[in-house]
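Please consider the following model together with its sequence. The explanation below moves from the parts of one chain to the contact between chains.

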2 protein chains.
Amino acid sequence: MESELIAYLRKRIPRHPLLRLGPGDDAAVLHLAELDQCVLTVDMLTDQVDFELKRVDPRRVGRKALAVNLSDLAAMAARPLAGVVAVVLPRRGGMQLAVELFEGILPLAEKYNLAIAGGDTNSWDGPLAISITLIGQVTAAGPLVRGGARPGDRILVTGSFGGSILGRQFDFEPRVEEALLLNQRYGLHAGIDVSDGLSVDLAHLAEESGCGAIVRADDVPVADDARRLAEKLADGSTPLAHALDDGEDFELILAVPPNEARRMLADQPLAVPLSAIGEFTAESGLWQLDRGGSRRPLVPRGWQQEFD
Amino acid sequence: MESELIAYLRKRIPRHPLLRLGPGDDAAVLHLAELDQCVLTVDMLTDQVDFELKRVDPRRVGRKALAVNLSDLAAMAARPLAGVVAVVLPRRGGMQLAVELFEGILPLAEKYNLAIAGGDTNSWDGPLAISITLIGQVTAAGPLVRGGARPGDRILVTGSFGGSILGRQFDFEPRVEEALLLNQRYGLHAGIDVSDGLSVDLAHLAEESGCGAIVRADDVPVADDARRLAEKLADGSTPLAHALDDGEDFELILAVPPNEARRMLADQPLAVPLSAIGEFTAESGLWQLDRGGSRRPLVPRGWQQEFD
């Protein structure tokens, strides 16, 4: 890592009990004793795909780069431990950009008691790319995986969906605490976070579990942003379509056995609402149940990487 | 990660005792019980800076992306455990490129018993960037850090230096086994791997230790590649200058107390030569001792990231 940036980070990063040796050596040294299982996740964000650096404060980009990774830990019900940050910066103004990114990363890291252990800084003539890798601790309740849903399990979701492009895509709160609490207190079968879209990520979860899923359209919690966006675009797309397909909500989809689901819905143990939107089925595929009971295929339409 | 690539990796990645859950979920799950301390390192390589994708087989790029990270583990004397790979691919031919990168990564991972736990795949209109993060295990001998050199310590190096651009920059063997053996068998004070250049990285080690260093020019092991490159370029640069400044040798620089250094040099316990090239000094700065005993400043001239 570039020496000026190391000097900045050494001053800026608070002491952390896990961190035996922070930025500036060939690797960071972490104290991980008494850890049985951990999770490891990496997510890279790139300019002009995940954000437009021309239009957004780099601190929000840095925050988002960490938040999407924290959301992956939430999806595994893992407690954040430590992370490293790799960036490739445009040459002009790279140092200032790096500092601004970290000024978005570090407050969120501190909030989740995450040790920023180090990183790698590069520069080139291309646009910004930022890659964050996190280690999380699997709790006594075990990791929450995608493959555990069973037919009959209820589909529960946190919060509401759609229209994240109006701002929530940057400022969302990763559901770390929510996932830890739910995984500890209830018998969850499976979970995923919604990055690509409610319909796509539900399809991922169902497929990994060898199930299908049926969604009651009327029960999908539609965000106010989804309504605002539908109105603003006025292209015929409905708020529900935005809720199902927009993505970057970073809410949780959970597969929960019926009795446990009833208990969770009655308890409502989170500050955000928990809603039941349907159930997993033995039959594969995604289905949508409309008001009146007519059933039709639900085509997953979220974000997909485009390459051949 | 893109589903086609996940399918490829799930078939291709061998079982590994550490890996409880591999690619395809929100994070990988690792079994790390009985681990006391670990190291965490990340390195990103980018097209047109670290390699030219037009001129080099992507498998060599993938291999190098992992090897530079393994070299960082070597510099800490840590045993490779697990890693994740994040890439941003050009849209055209991205899938094939990703597979070729992994075909360079996976054989080297297997050689070092490293679990490839997962990753993230993105695409854009820009050039290739690849970022690998590794976890390594700190052994009972403790981590080898940059800050432990003391005045009077001998400067020992593995192998030879210079001219890596002729091919060794891709095909070098990270000194993982060498570092583990030396750290276990001898009382080392500090270590670093040579990525930016022998002179620059020696300066980093000295600075982190609050020391200076004096190098006996005649004792620097000059690689045959350094001689070949000097001859080929015919620009007046000497093989010694290439050895001191070229970088990407990925050999080790070690700070070793005199008695221990004598024992190591007599034992020569590695398949590659161990050479003493000078010593650390209380006085700061880097010095070069030429034949005949004249002393002059050694200006570190290796690779530096360029941004402002």
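The paragraphs that follow treat domains, sheet, helices, chain contact and core in turn.

This is a predicted model, in which local features need pLDDT of at least 70 and side-chain atom pairs count only at pLDDT 80 or more, while totals for chains, interfaces and linings use all residues. Residues are numbered from 1 along each chain as its sequence is written, and chains are lettered from A and ligands numbered from 1 in the order in which they are written.

Chain A is divided into domain 1 (3-138) and domain 2 (154-297), with bounds that come from an automatic or database domain assignment. The centres of these two domains of chain A, taken over C-alpha atoms, are separated by 28 Å. Their contact takes 16 residues from domain 1 and 14 residues from domain 2 of chain A; two residues are in contact if their C-beta atoms, placed from the backbone, lie within 7 Å. On the side of domain 1 of chain A that touches domain 2 of chain A, the largest share, eleven residues, comes from α2(A). By class, that side has ten nonpolar, one polar and five charged residues. Here Ala, Val, Leu, Ile, Met, Phe, Trp, Tyr, Cys and Pro count as nonpolar, Asp, Glu, Lys and Arg as charged, and the others, Gly among them, as polar.

Helices (H or I, at least four residues) and strands (E, at least two) are DSSP runs, numbered from the N terminus. In chain A, seven strands form an open sheet with mixed pairing, in the order β8-β10-β7-β11-β9-β12-β13; two strands pair if DSSP finds at least two bridges between them. Strands β8 (190-193) and β13 (295-297) of chain A each have a single partner strand and stand at the edges, so one side of each is left without a neighbour in the sheet. β8(A) pairs with strand β10 (residues 252-256) of chain A in the antiparallel sense over four bridges, and A:G191 has A:L254 as its bridge partner in β10(A). Helix α2 (residues 58-75) of chain A packs on the sheet and touches β8 and β10 of chain A, its direction making about 170° with that of β8(A). Such angles run from 0 to 180 degrees between N-to-C directions, and the axes are lines fitted to C-alpha atoms, for helices over the stretch in contact.

From β8(A), A:A190 and A:I192 point one way and A:G191 and A:D193 the other way, and all are buried. A residue is buried if 20 or more other C-beta atoms lie within 10 Å of its own, with C-beta atoms placed from the backbone. Helix α6 (residues 198-208) of chain A is mostly covered, with nine of its eleven residues buried. Among them are A:D201 and A:H204. After α6(A) comes A:G210, whose phi is positive, near 65°.

Between the chains, the contact takes 65 residues from chain A and 65 residues from chain B. Strand β3 (residues 37-46) of chain A supplies the largest share of chain A's side, nine residues. Strand β2 (residues 28-31) of chain A and strand β3 (residues 37-46) of chain B pair in the antiparallel sense over four bridges, and B:L40 in β3(B) is the bridge partner of A:A28.

The largest nonpolar core has 204 residues, and A:L40 and B:L40 have the most contacts inside it. Such a core is a set of buried Ala, Val, Leu, Ile, Met, Phe, Trp, Tyr and Cys residues joined through C-beta atoms within 7 Å. Not counting residues up to four places away in sequence, B:L40 touches residues including A:A28, A:L30, A:V84 and B:I135.

Technical notes
A residue is buried if 20 or more other C-beta atoms lie within 10 Å of its own, exposed if 12 or fewer, and partly exposed in between; C-beta atoms are placed from the backbone.
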